[in-house]
Amino acid sequence: MVGSNRKRIDVIDKVLGKPVFAGDMKADRLLFAVVYRSPRPHAWIKSIDVSGALAQPGIVKVITGEDIPGKKRFGVIKKDQPCLAEGRVRYVGEPILLIVGETENAARKAMSSVKIHFEDIEAIRDPFTAEKSGTLIHEDGNLLGHRKVIKGNVERGFAESDVIVEHTYSTTWLDHGFMETEAGVGYLDDAGRIVVVSSTQNIHYKMKEISRVLGISEDMVRVIQSTTGGGFGGKLDVTVELFLALAVYYTKRPVMMRFTREESFVSNTKRHPLYIEYKTGAKKDGSIQAVKVTIIGDTGPYISYGETVCLRVAVHSTGPYEVPNVHADSRMFYTNNPVCGAMRGFGVPQLAFAHESQMDAVARILNMDPLDIRLKNGLRKGSSTATSQILHDSVGFIDTLKKIEPFWRERKKSSHTSGFGIGCMFYGCGNTAISNPAKCHLRLTEDGKIALHSGVCEIGQGSDTILWQILLETLKIDEKNVVLVRGDTDTSSDVGSTSASRQTYISGKAVYEAARKLNRYLDEKGYYRGRSLGDICEEAMTENNVIFDGYFDPPTTQLDKETSEGAPYATYAFATHMTEVEVDDKTGVCLVKRVHAAHDVGRAVNPRLVKGQVYGGVAMGIGLALMEEFIPGKSESLDNYYMPTSMDMPEIEVFIVEDEEPTGPFGAKGVGEPALIPQAASIINGIQDAVGVKPSQLPCHIERLKKLIEDKKSERRQEP
Amino acid sequence: MKKIDFTLNGKQTILDVEDNETLLHALREKLDIKSVKEGCSIGECGACTVLIDNEPHYSCLTLASKVSGHDVKTVEFLGDENLLHPLQEAFITYGAVQCGYCTPGMLLAAYSLLLKNEHPTDTDIKEAISGNLCRCTGYIQIVEAIRNAAGLCKCNS
Ligand code: FES
Ligand code: FES
């Protein structure tokens, strides 16, 4: 079972078009709610007049911040974001009020009758201005967070280096671009509790936020995950849930919300734009002696996952290499740009672009092969990371390089403008330096079956199938005896969110632990010697022993406040991608032709699902490297935000490395984000190999690449 | 308001539609066919793909009144639990489905291709689904599935 390409447990329904996504739901007397959002980036709200909207036909209720019965602010890390703005707005798209109508049309029409008087405040449009400006977005100033990673003595490291390479890199906003936009339905159940069914990555967090904002106890709230059409981090923050809860609270009727693509673009959190100054020192033999990285990020006006990204990028700033002297300095500033949050990789894909460009730059100066310099410096068993964590187990990085090696050594340019690039990464599975446990339980049922109660949010990546396989393997039982009860705060315990590539590793381990207990029980009761499960279930009922729970919290340590020394993650995933590109040096078009991708996943519970993650990650990496750029105020729809299509896809060969993680279920760790992280870096390095220019800004889209090539040509012409 | 008369998944269907009503709206809200998805409403994502006379169309850009007298197919036409279409089988076998939001549209675009071309090259396949965005799969396993289904199904029989 574990290690097999078992078909997804949800797939038959999906090929038949049967799954009910939130926007497909139906209910009697269903209302529709829409959000009125700020058109201004930064302004005082002087007055709100909703009388015109209320007078429109079919309008049932208009809700403003004043109407919120409980706490008015929410947030994953800190509760800083107004549910509905009062007095002041801090970004274009900030929710101000909620209009609930009999139909979607009625609600949307009434929007134009809302009258709000704003008085503009200077808008802070970049983190550098934020640092200096006297205009404060929040009372405490414009700095959200500042984290450092310090190891050894970086100045001494540079002094002892033979070569020093210094460059700056920058990246921009990206949208998650999940195909299903944010949606949900809320209603009151027979007991008068608030129920919200939504497209989400974390039901328990949202249940808690609803209870806070409505000021009611948690057991009066139930959150259920509907089939979810992709997440990628964008459905971790509250999207529709609090609005639905408020609308139900006031109207006592079922309410639906479904964002248009335009609303999704303007409201959803974005990938953090980062400015990265990177200095690397190395000896003649290629050994990296020192790395100094200064990172400045634009987090938008509210925290969301900004603090997490601030720390994670610092911790991952050296890439998967052993560097004796490190100084990473990471700061996040508030601006009046879109709120930035979690997006596949929490900032690490941006950093990979920088550290991998640096590795190639050092290799070039030393006349070393890019693969050799990585083999020389790569993390291996016994290595110490930038946070001085010694890696003992499951360090398959060198093996990922070795998988790629034969293709790299035999690479041949097919034309004078084709090229090859390598990108590498390591990525800590789970949340950074905090407890992030998962709980689940198995129950022996009245009808003689085993029910797995799981709070894990399946968002398309396949976690339900993975848990299923882990369960069946551990129990050694036929799947007709097992049922999955999932995605509902009423029937499951908190597993934490579907993020940080943590569900296979952490929730998978919790399932394993529960299954081990049940396995022992079944063994005692004679199941494996032929006694029927129905019999055992009956006996278990009489013994009142039907629940078997599982728990896992990966062992991490807190980090030193000043140096970040410590073990922020219990395990890391590793990967190497090699990419062949073909650049048209007249037009700036870059074609990605072929990718070889090697991933150390500990153990592939389902190799086909692992490959699916890698293929999807490569696609997103192509977007990050070459085409995706969210421009506030300009990127409004899929008409002016470009994501990869089938025509942009290369041939991809995936190699799975299995250096088992002892704390993981059957040795498994995560792959969701690692799949994406090294891809853009390998494309950018390929571009340099192809046409000799060094992109320092993502995306390196057609115009940017064309300009780089032209600049280089004119430089050459100027040389005597 | 206008009365239209068309074939939907092989059945004659008569429906009242507004002059400016999209086929997407009519199918989802009036005929309860929720497998037809909305991803953008401006003809950029392909989630709303249906076949009209076996050619893929964005139902978000098609006026419902225009399909009178035509043949419309949605994914329900392809198969059911008891008898999956070879394309559906292949989507399962080759891992072409993740979140499933793009899947109905992808299957229809693929079906239309195989009607016209029993042995498509990978380029043919990629072109045929180039109007259908998928954010999850990177398209690789979708192409693989369609390529493998091509040998197995006589879509026009
Ligand atoms: S909804 Fe029709 S193309 Fe996107
Ligand atoms: S499977 Fe999620 S969009 Fe295609």
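Where is the place of A:Ser38 in chain A? A:Ser38 sits in the loop between strand E1 (31-37) and strand E2 (43-49) of chain A. Helices here are DSSP runs of H or I with at least four residues, strands are runs of E with at least two, and both are numbered from the N terminus.

Before going on, a word on the model. This is a predicted model, where local features need pLDDT of at least 70, side-chain atom pairs count only at pLDDT 80 or more, and totals for chains, interfaces and linings use all residues. Residues are numbered from 1 along each chain as its sequence is written, chains are lettered from A and ligands numbered from 1 in the order in which they are written, and side-chain values use heavy atoms, with hydrogens and water left out.

Back to A:Ser38. Buried or exposed? A:Ser38 is buried, at a relative accessible area of 3%. Buried means under 20% relative accessible area, exposed means over 50%, and partly exposed is in between, with a 1.4 Å probe and protein chains only. Leaving out residues up to four places away in sequence, A:Ser38 touches A:Val89, A:Tyr91, A:Val92, A:Gly93, A:Glu94, A:Ile96 and A:Phe118. Contact means heavy atoms within 4.5 Å.

Take A:Phe118 from that list. A:Phe118 belongs to strand E8 (residues 115-120) of chain A. A:Phe118 is buried too, with 9% relative accessibility. Its partners, again not counting residues up to four places away in sequence, include A:Pro39, A:Trp44 and A:Ile45. A:Phe118 and A:Lys46 are 72 residues apart in sequence, yet 5.5 Å apart in space, C-alpha to C-alpha.

Now some backbone details in chain A. A:Leu698 and A:Pro699 are joined by a cis peptide bond, with omega about -5°. A:Pro699 is in the loop between helix H17 (679-691) and helix H18 (702-718). Next, two positive phi values. A:Phe346 is not a glycine, and its phi is near 45°. A:Phe346 is buried, at 4% relative accessible area. A:Lys476 is not a glycine either, and has a phi of about 50°. A:Lys476 is exposed, at 58%. Its loop runs between helix H13 (463-475) and strand E21 (482-486).

On to chain B. Chain B has five helices and five strands. Along the sequence the pattern is β-β-α-β-β-β-α-α-α-α. A compact globule of 157 residues would have a radius of gyration near 15 Å, and chain B agrees, with 15 Å. That radius is taken over C-alpha atoms, and the globule rule is 2.2 Å times the number of residues to the power 0.38. Of the 157 residues of chain B, 57% count as buried.

Together they bury about 3,800 Å², 60% of it on carbon and sulfur atoms. Buried area is the accessible area (1.4 Å probe) that two parts lose on being put together, summed over both. B:Ile92, B:Gln98 and B:Arg135 supply 21% of the area that chain B buries against chain A, more than any other three residues.

Last, the charges. The rule finds five salt bridges across this interface of chain B and chain A. A salt bridge is a side-chain nitrogen of Lys or Arg within 4 Å of a carboxyl oxygen of Asp or Glu. A:Lys18 and B:Glu81 form a salt bridge through their side chains, at 2.3 Å, N to O.
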